[in-house]
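Visitor: I would like to learn how to read a fold from its parts. Could you walk me through one?

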Amino acid sequence: MEKQQKDPVEMYCEWILNNGSPLGWIPFEKPIWQIEDVTSVLLHRQGQFQTQMFIVPPYIVIPEHTHPNVDSIEVYAGGEIYFSHSGELITTEENCTKEPEEKLGLSTQYGSTIRVRPRDPHGGYFGENGGVFLSVQYWLNDVKPHCVAADYIGKTMGPHHLESVKFGNAYFDGSLSKEDVMSKTTFN
Ligand SMILES: [Fe+2]
């Protein structure tokens with residue numbers, strides 16, 4: 001079978017990973033967003049394309065959710081992240097470990113990607129080291145890029161996150177646990 005052409009977010013992700021420097025293209029205006037205890041650094045934005053680096057402290061849970069106006073690719077950078085997708089844990093405590101020192105002590109998941117389309121439920125929890133990942137995004141439906149955590153359907157990380165949601169059907173019920181990353185909720 002002929003290989004299908006790459007779609008816009010795949011081409012953009014390839015570009016950002018091959019051309020980005022640690023500085024990125026961090027803008028003057030609103031370079032950071034804070035969502036609960038999670039920090040996002042805006043590494044690049046051009047038109048409908050945007051890349052956010054998420055910096056997540058230990059033991060944070062991001063419940064299963066969708067982003068209705070965003071086609072995206074999550075890229076594992078460092079630390080201890082257990083991502084879920086479509087109700088399954090993709091990175092687990094078995095397949096996500098520390099490489100030896102000659103490989104700089106990176107995660108075995110360093111650079112791995114997870115495609116997250118607008119209707120794909122996903123989430124994650126973070127181990128004692130916390131974690132860092134990139135969210136490489138292509139915004140749809142003429143919605144101007146803003147923080148991806150504000151385009152959100154599902155349970156939020158807390159009341160502050162809930163207040164920040166601009167579009168979507170979000171709620172917070174006061175509790176959070178690892179089970180929330182695979183709640184298998186039906187998202188509409
Ligand atoms: Fe997400």
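This is a predicted model: local features need pLDDT of at least 70, side-chain atom pairs count only at pLDDT 80 or more; totals for chains, interfaces and linings use all residues.

Visitor: Let's begin with the overall layout. How many helices and strands does the chain have?

Guide: There are two helices and ten strands. Listed from the N terminus, the elements run α-β-β-β-β-β-β-β-β-β-α-β. The radius of gyration of the chain is 16 Å, close to the 16 Å that the globule rule gives for 188 residues, so the chain is as compact as a globular protein of that length. Its C-alpha trace spans about 45 × 45 × 40 Å along the principal axes.

Visitor: And what share of the residues is buried?

Guide: Buried residues account for 40% of the 188 in the chain. For the way the chain folds back on itself, look at contacts between residues at least 6 apart in sequence: 69% of these join residues at least 24 apart.

Visitor: Now the helix at the start. How should I read its sides?

Guide: The general idea comes first. An α-helix has 3.6 residues a turn, so residues three or four places apart point the same way. Now the case here: α1 covers residues 8–19, twelve residues in total, and reaches 16 Å from its first C-alpha to its last, close to the 16 Å expected at 1.5 Å a residue.

Visitor: Which residues of α1 are buried?

Guide: Val9, Tyr12, Cys13 and Ile16 are the buried ones in α1. They cover an arc of only 100° around the axis, which puts them on the same side of α1. On the face turned away from that buried side you will find the exposed residues Asn18 and Asn19.

Visitor: What do the buried residues of α1 pack against?

Guide: They pack against several strands, including β2 (38–46), β3 (49–56) and β5 (70–85). The strands β7 (113–116) and β8 (122–139) are also among their packing partners.

Visitor: Let's turn to β5, then. Is it enclosed or open to the outside?

Guide: In β5, 14 of the 16 residues are buried, so this strand is largely enclosed by the rest of the structure.

Visitor: In which sense do β5 and β8 run, and how many bridges join them?

Guide: They run antiparallel, and 14 bridges join them.

Visitor: For side chains along a strand, what is the general idea?

Guide: In a regular strand the side chains alternate between the two faces of the sheet.

Visitor: Which strands does β4 pair with?

Guide: One partner is β8, paired in the antiparallel sense over three bridges, with Val61 opposite Tyr125 of β8. Another is β9 (residues 153–155), also antiparallel, over two bridges. In that pairing Thr66 has Ile153 of β9 as its bridge partner.

Key: Residues are numbered from 1 along each chain as its sequence is written. Helices (H or I, at least four residues) and strands (E, at least two) are DSSP runs, numbered from the N terminus. The expected span of a helix is 1.5 Å times one less than its number of residues. A residue is buried if 20 or more other C-beta atoms lie within 10 Å of its own, exposed if 12 or fewer, and partly exposed in between; C-beta atoms are placed from the backbone. The arc is that of the directions from the helix axis to the C-beta atoms. Two residues are in contact if their C-beta atoms, placed from the backbone, lie within 7 Å. The radius of gyration is taken over C-alpha atoms; the globule rule is 2.2 Å times the number of residues to the power 0.38. Two strands pair if DSSP finds at least two bridges between them.
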